[in-house]
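Hi everyone, thanks for coming. Could you bring the model up on your screens before I start?

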Amino acid sequence: MKILVVGSGGREHALVWKIKQSPKVKTIYCAPGNAGIAKDAICVDIVAVDIDKLADFAEKNAVDLTVAGPEECLVKGITDEFAKRGLKVFGPNKACAEFENSKAFTKRFLQKYHIPTAKYEEYTDPAEAKTHCGAFGYPAVIKADGLAAGKGVIIAQDEKEALAAIDQIMIDKQFGASGDKIVLEEFLTGTEASVLCFLDGCSIVPMESARDYKNIGDGNTGLNTGGMGTYSPNELFDAALKKKVQETILEPILAGMQQEGLDYRGILFVGLMIREGEPKVLEFNVRFGDPETQSVLMRLQTDLVEIMESCNEQTLSKIPICWSEDAAVCVVLASGGYPGAYEKGKIIKGLNETEGVTIFHAGTTVQGENIVTNGGRVLGVASLAKTRQQARKMVYEAIEKICFDDVYYRKDIAK
Ligand SMILES: Nc1ncnc2c1ncn2[C@@H]1O[C@H](COP(=O)(O)OP(=O)(O)O)[C@@H](O)[C@H]1O
Ligand SMILES: [Mg+2]
């Protein structure tokens, strides 16, 4: 088979790495990819949102399956556009991608199907939003309805902050048209966790659990980031919680989708807040999470391409999905300054000196003879071992050997 992976981050490198292990696969392309992906796939210079060019490429090169990494291309309808040309994509169609494109759409769905979630209201008129922003007390959660690259949620501690947040999103349009509507939510407390699932329209199969670290600083302090590390399994997911998530969340999601005529095939990422063993849904994403994917795929033993095909062919329930009992840890190396301003173009050294780890590239590019930094999150260093502590040790030992100017990483991942 010929596979095209769309995207350029750590998640896409992990997808390429896993797909490469499939005996079914002869050629892997990645658009646009990065310096690390270029060692495992043929990189193609097309950006992830240019669906027409991607389809032209897939057609011309007889690509058998295109795997959509980031949400933007799914929301733009890559699956539907490719289908018109008889091309296959792993990832939900445009109608189903609405679960990530609109937080209000998801909230309506959750409420309609009695799936536990925070109370909410939605507003398109800023004046009206301002009159009601205290409806659930404070802190209040104010969300831009549409895509905002993980920056569209503001937790307002009091009315003053809430009014400012509404201005920022709805008047100043900090997130563009994504802020034409806002969702106001009740503030939930507890521990956050996420469940990645495979869906084929008839069944929903959760993957192994992971824990991710969103804050930039040790001890979960400082600004939010795209994710600074992960490990799998997440000990929070004991048998009781798994059962509860399955029965009160995953099964009703599938039933609700079927009721709505949404033929969801691909990955669904369910973000949860768990308090005293009771999970509530925070949000849906319609693709693999980054960097959860890096840890979870390290543990996947079944051929990922076979699973993806079974999702498209609605035979997911017929294939066994096996996971390693071992623990995976992934630590992100970032550019100093991230998630604020940072410099690019720093030479990365020591990439070939590491042992026992897998290095997933995120923000890297080739410059002459060198691999240099090209983004906020630069690398994900991952390992799989009998215990989480062993995996952690291997990862941190390897990190000692990798260097670039102003490298920053958290020291407490998987501790
Ligand atoms: N209702 C809520 N109560 C408390 N915290 C919340 C709530 N909704 C979101 N958050 C916090 O904001 C973060 C981002 O919200 P989320 O809905 O996942 O949007 P996105 O990932 O698109 O930015 C969550 O990971 C969580 O920390
Ligand atoms: Mg989120």
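First, the housekeeping. This is a predicted model, where local features need pLDDT of at least 70 and side-chain atom pairs count only at pLDDT 80 or more, while totals for chains, interfaces and linings use all residues. Residues are numbered from 1 along each chain as its sequence is written, and chains are lettered from A and ligands numbered from 1 in the order in which they are written.

Let's start with the domains, whose bounds come from an automatic or database domain assignment. The chain splits into domain 1 (2-93), domain 2 (125-180), domain 3 (191-318) and domain 4 (327-408). Between the C-alpha centres of domain 2 and domain 4 there are 35 Å.

Now, the inside. I'll call a residue buried if 20 or more other C-beta atoms lie within 10 Å of its own, exposed if 12 or fewer, and partly exposed in between, with C-beta atoms placed from the backbone. A nonpolar core is then a set of buried Ala, Val, Leu, Ile, Met, Phe, Trp, Tyr and Cys residues joined through C-beta atoms within 7 Å. How many residues does the largest nonpolar core have? There are 109, and Val 5, Cys 197, Val 329, Val 381 and Val 395 have the most contacts inside it. Strand β16 (residues 327-335) gives the most to this core, namely eight residues. Apart from it lies another core of 18 residues, including Cys 133 and Val 141. As background, nonpolar side chains tend to be buried together in soluble globular proteins.

By the way, helices (H or I, at least four residues) and strands (E, at least two) are DSSP runs, numbered from the N terminus. Two strands pair if DSSP finds at least two bridges between them.

On one side of the story, β10 runs antiparallel to strand β14 (residues 265-275), joined by 10 bridges; for example, Thr 191 has Ile 274 as its bridge partner. β10 also pairs with strand β11 (residues 204-206) in the antiparallel sense, over three bridges, and here Phe 198 partners Val 205. β10 and β11 make a hairpin with three residues between them, and Gly 201 in the turn has a positive phi of about 90 degrees.

On to ligand 1. A residue counts as near it if its C-beta atom, placed from the backbone, lies within 6 Å. Among the residues surrounding ligand 1 are Ala 118, Val 141, Glu 185, Phe 187 and Glu 283. The shell divides into six nonpolar, three polar and three charged residues. Here Ala, Val, Leu, Ile, Met, Phe, Trp, Tyr, Cys and Pro count as nonpolar, Asp, Glu, Lys and Arg as charged, and the others, Gly among them, as polar. Domain 2 and domain 3 each supply at least three residues to this shell.

Most residues other than glycine have a negative phi, and most peptide bonds are trans. Yet the bond from Asp 290 to Pro 291 is cis, with omega near 15 degrees, and the one from Tyr 338 to Pro 339 is cis too, with omega near 10 degrees. Is Glu 276 buried or exposed? Glu 276 is exposed, with 5 other C-beta atoms within 10 Å, and its phi is positive, about 50 degrees.
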